[in-house]
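This report concerns one protein model and the arrangement of its secondary structure. Please examine the sequence and the structure below before reading on.

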Amino acid sequence: MTPSPRWLDLDGAHNVRDVGGLRATDGRVVRPGVLLRGDHLEDLSAAGAAALCEGAGLRAVVDLRSPQENPLPGDWMTGRSVERLHLPLVDLTQSIGRHRDESGETDYVAAYGSMLDAAGPVLVEILRFLTGAGRLPALVHCAAGKDRTGITVAVLLAAAGVGEEDIVADYAVTGLRLARVRESLIRRGAYRGPQTPALPQPLDGAPIRAVLALLDRAGGAEAFLRRHGAREEELVAWRRVLLTADHEPAGTRRGSAR
């Protein structure tokens with residue numbers, strides 16, 4: 001059975017969760033309190049920010065949004081020791097907009113494949129950032145936490161050896177929160193049109209399965225990242241910090257890569 005999602009119910013953010021508990025193919029699991037994923041964070045209230053920073057111990061944020069989205073760090077970060085890496089993964093409008101099926105609907109399988117092709121160097125930069133000392137727990141996010149965040153987290157999990165079914169299930173969980181995310185984005189007024197998530201529905205896992213299949217054809221996620229510049233010591237450090245060690249209790253939390 002796939003682990004239940006570990007939601008962080010934050011006032012002002014709607015799709016934030018801890019991927020802890022997902023299972024690697026070697027029997028280990030992802031430690032809680034290491035890698036979080038989510039949607040835009042500008043609207044966090046003081047209580048939401050406290051829950052994320054003081055409660056969950058957040059140390060770093062990776063913002064995948066493009067400059068055209070006017071991505072802002074949020075007032076809540078002022079005065080807090082939270083490092084922010086703004087590193088656009090792709091231009092979402094172009095990536096999504098140019099891939100349509102015969103009915104005119106977005107072909108997410110094709111779009112995700114195109115996004116992965118272009119994202120290799122950025123994904124390596126993210127891996128390098130996350131394995132730097134003192135940057136965990138870290139939260140990876142975009143606008144909704146579905147497409148760019150979905151691809152990024154899938155690659156990071158696959159590089160550590162997390163199994164396909166758990167990666168796909170984690171991606172699909174976002175469908176449970178899309179209604180809230182959509183309402184929030186529309187209120188902001190900046191995401192009308194193709195970037196605004198569709199009405200809530202169970203997410204089809206096919207786009208992320210396609211990403212994982214492309215990684216397999218490249219020799220695996222680690223080989224894919226190596227080809228784009230990842231060093232072996234970075235990949236080793238990522239596996240070590242993300243996954244429980246042999247015989248280590250699954251609830252163990254670790255806050256930085258060494």
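The model is predicted, so local features require pLDDT of at least 70 and side-chain atom pairs count only at pLDDT 80 or more, while totals for chains, interfaces and linings use all residues. Residues are numbered from 1 along each chain as its sequence is written, and side-chain values use heavy atoms, with hydrogens and water left out.

Helices (H or I, at least four residues) and strands (E, at least two) are DSSP runs numbered from the N terminus. An open sheet with mixed pairing contains 6 strands in the order 1-2-3-6-4-5; two strands pair if DSSP finds at least two bridges between them. Strand 1 (6-7) and strand 5 (83-86) each have a single partner strand and stand at the edges, so one side of each lacks a neighbour in the sheet. Strand 4 (residues 60-63) and strand 6 (residues 138-141) run parallel and are joined by 4 bridges. Val61 has Leu139 in strand 6 as its bridge partner.

Helix 3 (residues 108-130) and helix 7 (residues 206-217) have axes that come within 8 Å and cross at roughly 40°. Axes are lines fitted to C-alpha atoms, for helices over the stretch in contact, and angles run from 0 to 180 degrees between N-to-C directions. Helix 3 and helix 7 are therefore oblique to each other (under 35 degrees is roughly parallel, over 145 roughly antiparallel, 65 to 115 roughly perpendicular, and the rest oblique). In this contact (heavy atoms within 4.5 Å), Tyr108, Val109, Tyr112, Gly113 and Leu116 of helix 3 meet residues of helix 7, including Pro207, Val211 and Leu214. The contact residues comprise 11 nonpolar, 1 polar and no charged; Ala, Val, Leu, Ile, Met, Phe, Trp, Tyr, Cys and Pro count as nonpolar, Asp, Glu, Lys and Arg as charged, and the others, Gly among them, as polar.

The whole structure holds 2 aromatic pairs, for which ring centres of Phe, Tyr and Trp (its six-membered ring) must lie within 6.5 Å; planes under 30 degrees apart are stacked, over 60 edge-to-face and the rest tilted. The rings of Tyr108 and Tyr112 have centres 6.1 Å apart and planes at 90°, so this pair is edge-to-face. Both residues lie in helix 3, 4 residues apart, about one turn of the helix.

| Feature | Angle |
|---|---|
| Leu136 to Pro137, cis peptide bond | omega near 5° |
| Asn70, positive phi in a residue other than glycine | phi near 55° |

Pro137 is placed in the loop between helix 3 and strand 6, whereas Asn70 is in the loop between strand 4 and strand 5.
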